[in-house]
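This briefing takes up a few local features of the structure shown below, grouped by topic for a reader who has the coordinates open.

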Amino acid sequence: MASYRRALAVVVVCVGLSAGCLGFLTGAQALEFSANETVVGDAALEETGYQEAHNQTVRNVVRIGVAGQQRQVNLTSSLYRYNRSVTASDLNASGFGALADNASTGQAGDGTSSGENADVPLGNTSSPVSFSVFAMPNARVGGQSVHPLSRISTEQLARRFLSTGAGSVRFEGNRTVTSLGGQRTVSTFRFEGNGSSEATDGLVHVASFDTGSDYVIVFAAHPAVIDEQERIDTLIAGLEQPAA
């Protein structure tokens, strides 16, 4: 009976959603979802001194169980990364650049990945001060989100961003920023290096929130010696979805 109810829920979701739903239910084709591109508006970029450094389309393949059978869902997301130039005096000889280069980069090419272990592909960055926004479709089948990253805590996201094997990540606190029509919680974590010359203390700011049709994840990282919070909050507040 439970399996029947789950299958019925999927049918109800599919009705009117797309012509591919019948093919999805029979296993003949995948169900497709795409996110709205989420970017930082020009005004916020000008105010903060950040510039676009990279953008890419990210494709994830997720397989879910429907009435005891595996079905495929294709998710198309967007990633934008922004950097701000900093001087040697800003860094105060912190050596934070080594930490920035260790960020998770996901897959090559179009960023295709699959399954529950999907990474957030942040791309290589030579700047120690960076801001990334990852928008993925808030795909739901049978009333449940099918995107693996929507079920990950902000601390887990911070650890993936830092991709740290040495040193520690410690929660610093939360704050609220208005963005994309809602109040968004932004969590700050401190990365403490292991005392070597290759890592040093840094701060990472993470927000993950549901906008309705999309699920947006924001990352920002900088050396702890730089006070970047005001700029980061301005960037978060300045997020836009031009095509939404």
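Asn-138 has a relative accessibility of 12% and therefore counts as buried, since the cut-off for that class is under 20%. The model is a predicted one, and the values given here are computed from it.

**Loop residues**

- Asn-138 sits in the loop that runs between strand 6 (130–137) and strand 7 (140–141), and its side chain reaches the backbone oxygen of Gly-212 at 3.2 Å.
- Leu-180 belongs to the loop between strand 9 (168–179) and strand 10 (182–192), where it has a positive phi of about 50° although it is not a glycine.
- With a relative accessible area of 24%, Leu-180 is partly exposed.

**Salt bridges**

- The whole structure contains six salt bridges according to the search, among them one between Arg-84 and Glu-228, whose closest N and O atoms are 2.8 Å apart.
- That pair links distant parts of the chain, 144 residues apart, with Arg-84 in the loop between strand 4 (69–83) and helix 4 (88–91) and Glu-228 in the loop between strand 12 and helix 7.
- Arg-84 and Glu-228 are both buried, and for Glu-228 the relative accessibility is 1%.
- Glu-228 also meets Arg-231 in a salt bridge, at 3.5 Å from N to O, and the shared partners join Arg-84, Glu-228 and Arg-231 into one network.
- Arg-231, at 31% relative accessibility, counts as partly exposed, whereas Glu-228 counts as buried.
- Glu-155 and Arg-159 form a salt bridge at 3.3 Å from N to O; because they are four residues apart in helix 6 (residues 154–162), about one helical turn separates them.

**Negative surface patch**

- Asp-42, Glu-46, Glu-47, Asp-227, Glu-230 and Glu-240 gather in a patch of negative charge on the surface, to which helix 3 (residues 42–48) gives the most, with three residues.
- Glu-47 lies in helix 3 and counts as exposed at 60% relative accessibility.
- The C-alpha atoms of Glu-47 and Arg-231 are separated by 8.1 Å, although the two residues are 184 residues apart along the chain.
- Asp-227, in the loop between strand 12 (214–223) and helix 7 (229–237), is exposed, with a relative accessible area of 69%.

Conventions: Residues numbered from 1 in each chain as written. Predicted model: local features only at pLDDT ≥ 70, side-chain atom pairs only at ≥ 80, totals over all residues. Heavy atoms only, no water. Helix = DSSP H or I, 4+ residues; strand = E, 2+ residues; numbered from the N terminus. Buried < 20%, exposed > 50% of the residue type's maximum accessible area, 1.4 Å probe, protein only. Patch = residues over 30% accessible without salt bridge, like charges linked within 9 Å, V, L, I, M, F, W, Y side chains within 5 Å. Areas by Shrake-Rupley, 256 points an atom, 1.4 Å probe, with all protein chains shown as cover. Salt bridge = Lys/Arg side-chain N within 4 Å of Asp/Glu carboxyl O. Lys, Arg positive; Asp, Glu negative; His and termini not counted. Charge placed at Lys NZ, Arg CZ, Asp CG, Glu CD. Polar contact = N/O pair within 3.5 Å; in protein donor to acceptor, adjacent residues only side chain to side chain.
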